[in-house]
Amino acid sequence: DINYRPFQMAQASYDLKVTRNLKETARASKVLGFGYGNEIDRDQNVSIQFAPKAVPWLTPQYRYSSAYGNDHSPQYVNSFPDGTDYRKFDTRQQQQLSVRFSLSQFRQSVVGIKFRDPNRKRESKEEDQQGSSGAAYRRQGQRRGDQGEEKRGFVGKYLFNPFNYVVDSFDPFMFQSNMQHDDKWERMPTNPSFMYQLGMRDLTAAERIRIMTDIEEGTVIDTAQFSSMRWNFNHVYSGGLRLLDTRISASYLETGRNNHTLNGFTTIRSEGPELSFDYSNIWVPFFLRGTINQLNFASGYSLKKGFQGTSVKISEDNPLGIDSETRDEQWSPKIRISANLGRTGGVRTRFQSNATVKTDILADQGRRQVTESNDDSFNLQYSFSAPNGLNLPLIRRFKFKSNVRTSVDLRRRISRNFTQVIGTMGEVSEILINRDTEDITITPTLGYDFSQVIGNLSASYNSHKDRKSGTTRITINLKLSIQLDF
């Protein structure tokens with residue numbers, strides 16, 4: 001196990017574990033005529049990290065890791081006919097790259113804490129030697145106190161300050177990349193090179209093929225074969241903006257993976273944007289500020305497009321072997337309100353909607369399979385607290401400490417799945433309904449605490465309607481619990 005750190009920003013590590021069979025002399029390795037056994041197992045790990053810190057506004061980071069395993073045990077060798085000496089090994093390489101760019105720190109590094117006014121007079125050389133231009137400018141203004149404060153220009157007063165505020169409101173821009181590749185090889189005649197074990201290059205033809213001579217049948221070419229090859233990648237571009245109580249976030253995601261076996265390969269790709277908007281502490285009219293405490297609005301939107309391909313579908317008209325194309329669109333707004341009701345009562349309500357449309361295009365069948373889902377939910381909560389007791393009209397001597405909590409959940413979900421048959425001209429010739437359901441759920445709950453009496457009451461109403469068959473199923477549940485403390 002070796003760790004090497006030449007600089008604070010760079011680090012490398014190497015880990016090697018080897019198992020040798022000293023009793024095996026037929027295939028033993030020799031040094032100066034002395035045998036030191038046969039290697040039957042090897043595990044090797046390499047890691048390299050590099051994170052330069054030249055400027056504060058740009059922070060890149062790179063990491064590379066590789067893992068290698070070799071199985072040359074007698075159990076694996078004896079599973080093949082006599083006269084062969086095979087082994088199997090697998091490798092895995094992973095690369096991670098991230099870059100962070102801060103626009104506000106970049107502005108501060110280039111032009112200082114804030115922009116200079118173009119109309120500001122230049123200081124003398126003596127003042128420049130005393131300190132920064134901003135400090136010299138302030139000292140110069142103090143010495144001119146009897147002459148009055150120097151007027152700032154229109155550009156510096158109304159342009160640069162708002163511009164700086166907007167620039168500093170941007171969140172750091174991020175780029176993250178993750179790539180991974182691994183493969184497994186069987187029936188390997190020789191060990192691969194050290195550079196392949198580190199993941200720096202691929203196998204050569206000489207490492208995959210061994211030529212053997214058979215006296216009876218002549219020359220035989222023994223070919224190594226792989227069991228699987230896989231790779232995947234993930235790229236994310238993200239950024240955001242904060243202005244007052246508003247936050248806007250945006251990201252773009254690219255993903256892909258490939259699985260290659262002896263029977264062929266499968267490829268999956270997907271990419272699309274994701275947006276989110278959050279506006280908290282929305283302005284409330286003056287006459288409602290004593291009642292409404294907080295009003296928030298948030299929304300999200302995402303769109304993913306991709307395809308799936310196989311080697312079986314490859315043709316001249318379809319070089320990528322695309323089997324199906326997908327489009328997934330989702331929109332989810334949300335509203336939250338918090339208010340007071342009376343002196344000791346509080347109300348909270350939340351409304352959330354989620355609309356999703358997913359389309360699968362079957363290239364070879366001339367059909368589109370569409371899944372639509374609309375999910376709306378509404379939640380209302382009311383809480384009442386009287387820690388000093390309730391003043392009942394008829395029995396004012398008795399004080400009942402009370403805490404009441406009640407809520408109502410309402411949810412409506414519509415799910416449809418249908419197939420569109422595409423005609424010769426690209427039009428929709430027929431629509432086949434596969435599923436069309438509507439679910440409505442109402443769940444009221446009541447929790448109360450009257451001195452030594454603690455109780456809970458809950459109910460649920462569920463209606464499931466199948467529009468395709470015209471059937472409806474209704475389920476009602478009721479639950480009551482009471483606890484008495486003496």
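Reader: Which strand gives the largest share of the lining of the second largest pocket?
Author: Strand β14 does, with five residues. Bear in mind that this is a predicted model.

Reader: Which other elements supply at least two residues of that lining?
Author: Besides β14 (292–310), β13 (264–279) and β15 each supply at least two residues.

Reader: How many residues line the pocket, and which lie nearest its centre?
Author: The lining has 13 residues, and I268, R269, S270, G306 and T326 lie nearest the centre.

Reader: What is the volume of the second largest pocket?
Author: About 190 Å³.

Reader: And the lining by class?
Author: Six residues of the lining are polar, five are charged and two are nonpolar.

Reader: Is E274 buried, exposed or in between?
Author: E274 counts as partly exposed because its relative accessibility is 32%.

Reader: What about T310, where does that lie?
Author: T310 is in strand β14 too. T310 is buried, as its relative accessible area is 18%, and the cut-off for buried is under 20%.

Reader: How far is T310 from T266?
Author: Their C-alpha atoms are 4.5 Å apart in space, while in sequence T310 and T266 are 44 residues apart.

Reader: Changing topic. How many salt bridges does a search of the whole structure find?
Author: The search finds 12. One of them joins D168 and R107, whose closest N and O atoms are 2.8 Å apart. That pair also links distant parts of the chain, with D168 in helix α5 (residues 154–168) and R107 in helix α2 (residues 103–111), 61 residues apart.

Reader: Are those two residues buried or exposed?
Author: R107 is buried, with a relative accessible area of 6%. D168 is partly exposed, at 33%.

Reader: What does E438 form a salt bridge with?
Author: With R412, the closest N and O atoms being 3.1 Å apart. E438 is in strand β19 (residues 428–450) and R412 in strand β18, and the two are 26 residues apart.

Reader: And how accessible are they?
Author: E438 counts as buried at 11% relative accessibility, whereas R412 counts as partly exposed at 35%.

Reader: Which residues are joined into one network with them?
Author: Salt bridges that share partners put E372, R412, R416, D436, E438 and R467 in one network.

Reader: Now the surface. Which residues form the nonpolar patch?
Author: I335, I337, F351, F378, L380, V408, L410, I442, Y461, I474 and I476 form the patch, and together they have about 860 Å² of accessible area. The elements giving two or more residues to the patch are β15 (322–341), β17 (367–390), β18 (400–422) and β21 (471–484).

Reader: Where does F378 lie, and why does it count as partly exposed?
Author: F378 lies in strand β17.

Reader: Where is the place of G470?
Author: G470 is in the loop between β20 (453–466) and β21. G470 counts as exposed, at 59% relative accessibility. The C-alpha atoms of G470 and T437 are separated by 9.6 Å, with the two residues 33 apart along the chain.

Reader: Last one, the backbone. What is phi of R187?
Author: Near 55°, which is a positive value in a residue other than glycine.

Reader: Why point that out?
Author: Because most residues other than glycine have a negative phi.

Reader: Where does R187 lie?
Author: In strand β8 (residues 173–188). R187 is partly exposed, with a relative accessible area of 23%.

How values were computed: Residues numbered from 1 in each chain as written. Predicted model: local features only at pLDDT ≥ 70, side-chain atom pairs only at ≥ 80, totals over all residues. Heavy atoms only, no water. Patch = residues over 30% accessible without salt bridge, like charges linked within 9 Å, V, L, I, M, F, W, Y side chains within 5 Å. Areas by Shrake-Rupley, 256 points an atom, 1.4 Å probe, with all protein chains shown as cover. Salt bridge = Lys/Arg side-chain N within 4 Å of Asp/Glu carboxyl O. Helix = DSSP H or I, 4+ residues; strand = E, 2+ residues; numbered from the N terminus. Buried < 20%, exposed > 50% of the residue type's maximum accessible area, 1.4 Å probe, protein only. 1 Å grid on protein atoms, 1.4 Å probe; cavity = no way out; pocket = protein on both sides within 12 Å on 5 of 7 lines; lining within 4 Å. Points joined across faces, edges and corners; volume = space filled by probe spheres on them. Nonpolar A, V, L, I, M, F, W, Y, C, P; charged D, E, K, R; others polar.
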